[in-house]
Amino acid sequence: MSRITTPFTFASTAADVTEGVDLTGKRVVVTGGASGIGIETARAFANLGAEVTLAVRNTVAGKEVAANIVAATRNKNVHVGRLDLADRDTIHSFADQWTGPLDVLVNNAGIMAPPDLQHTADGWEMQFATNYLGHFELATGLHDALAQAGTARIVSVSSSGHLFSPVNFDDLHFNFTPYDPIVAYGQSKSASTLFAVAATHQWHADGITANAVMPGAIATNLQRHTGGLRTPVERRKTPEQGAATTLLAATSPLLEGVGGRYLEDNNEALQVSRRGPDLTGVAPYALDQANAQRLWDVSLSLLA
């Protein structure tokens, strides 16, 4: 399995990686499309002519963002749907209301490191539920729409934070383990990467592939619980740069029919044997096929 490399770099923007791409007639869902890099991601898809749906908790904010995107891109096919990834009723409602094919699903929404342990109504740790399990349920609910598209792509927004923890299958929800906000975040992002591995394996015959991306360090509301962005200035990205790897995964011909990869800085990341100070690369446990299958089975059990 050869490593995916491109002419693009850390500094490339979404416009750079999609030069010449036309998504007219394609349909895209971006979760969390009303805040952070979700806004720039949605705008980039709209710029390419796609029909874009912002799947968001706050539909008032979503409609304002959608109006701004329409004004900026002159693409009137920008819509808003209600979705709270910690509320299963909204996930079911969003999936049930969707009609027709879906070409791209971007699992972008997330939370990072709330200081206190929180659980959903189902008893699931909040970061695991929001960053991973809600997206898993959304994707399975939209499976038929993705299959109908024929060559659908899922982009699972992960993070270098996955380097802080594998998935702890014996205590996913911190019922026994002392809660650590960054460890819990790391677990959720390892799970998000494993989802790309498992979904590609499970759904490849349906024409569906999934890849995980590390967007980079971008100053957004995501860091509200961590005191703001602490990444050195030279390793920070603009929103336009932060959206690039997602757009690459969603549109590049180099990734046609290719899934189960982890991309950073617009190239497939190298596997690392330990967490380095620059937090680059991907941990082997986040790409392990056995881990991916186990997580898939556990997820189905939790949702049953």
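Is N266 buried or exposed?

**The whole chain**

What you have open is a predicted model, in which local features need pLDDT of at least 70 and side-chain atom pairs count only at pLDDT 80 or more, while totals for chains, interfaces and linings use all residues. Residues are numbered from 1 along each chain as its sequence is written, and side-chain values use heavy atoms, with hydrogens and water left out.

Show the chain as a cartoon, and you can look for ten helices and eight strands, where helices (H or I, at least four residues) and strands (E, at least two) are DSSP runs numbered from the N terminus. Along its principal axes the C-alpha trace spans about 50 × 40 × 40 Å. The radius of gyration of the chain is 18 Å, which agrees with the value near 19 Å that a compact globule of 304 residues would have; this radius is taken over C-alpha atoms, and the globule rule is 2.2 Å times the number of residues to the power 0.38.

Of the 304 residues, 55% are buried, a word that here stands for under 20% relative accessible area, with exposed meaning over 50% and partly exposed in between (1.4 Å probe, protein chains only).

Now return to N266, in the loop between β7 (262-264) and β8 (267-268). With 0% relative accessibility, N266 counts as buried. The phi angle of N266 is positive, about 70°, although N266 is not a glycine. Most residues other than glycine have a negative phi.

Select F174 next, which you will find in the loop between β5 (153-157) and α7 (181-203). F174 too has a positive phi, near 60°, in a residue other than glycine, and F174 is buried, with a relative accessible area of 8%.

**Helix α9**

Colour residues 244-251, which form helix α9; eight of its eight residues are buried, so this helix is largely enclosed by the rest of the structure. Among the buried residues of α9 are A244, L247, L248 and T251.

**Where α5 meets α10**

Show helix α5 (residues 126-141) together with helix α10 (residues 289-303), and turn the view until you see them pack at an angle of about 85°, with their axes 10 Å apart. These axes are lines fitted to C-alpha atoms, for helices over the stretch in contact, and angles run from 0 to 180 degrees between N-to-C directions. The two helices are therefore roughly perpendicular to each other, since angles under 35 degrees count as roughly parallel, over 145 as roughly antiparallel, 65 to 115 as roughly perpendicular and the rest as oblique.

To see the contact (heavy atoms within 4.5 Å), show the side chains of F128, Y132, L133, F136 and E137 from α5, and of L295, W296, S299, L300, L302 and L303 from α10. These residues divide into nine nonpolar, one polar and one charged, where Ala, Val, Leu, Ile, Met, Phe, Trp, Tyr, Cys and Pro count as nonpolar, Asp, Glu, Lys and Arg as charged, and the others, Gly among them, as polar.

Staying on helix α10, pick A290, which is exposed, with a relative accessible area of 54%. A290 and L194 are 96 residues apart in sequence, and their C-alpha atoms are 9.6 Å apart in space.

Finish at T73 in helix α3 (residues 59-73), which counts as buried at 15% relative accessibility. Leaving aside its neighbours within four places in sequence, T73 is in contact with R43, A46 and N47.
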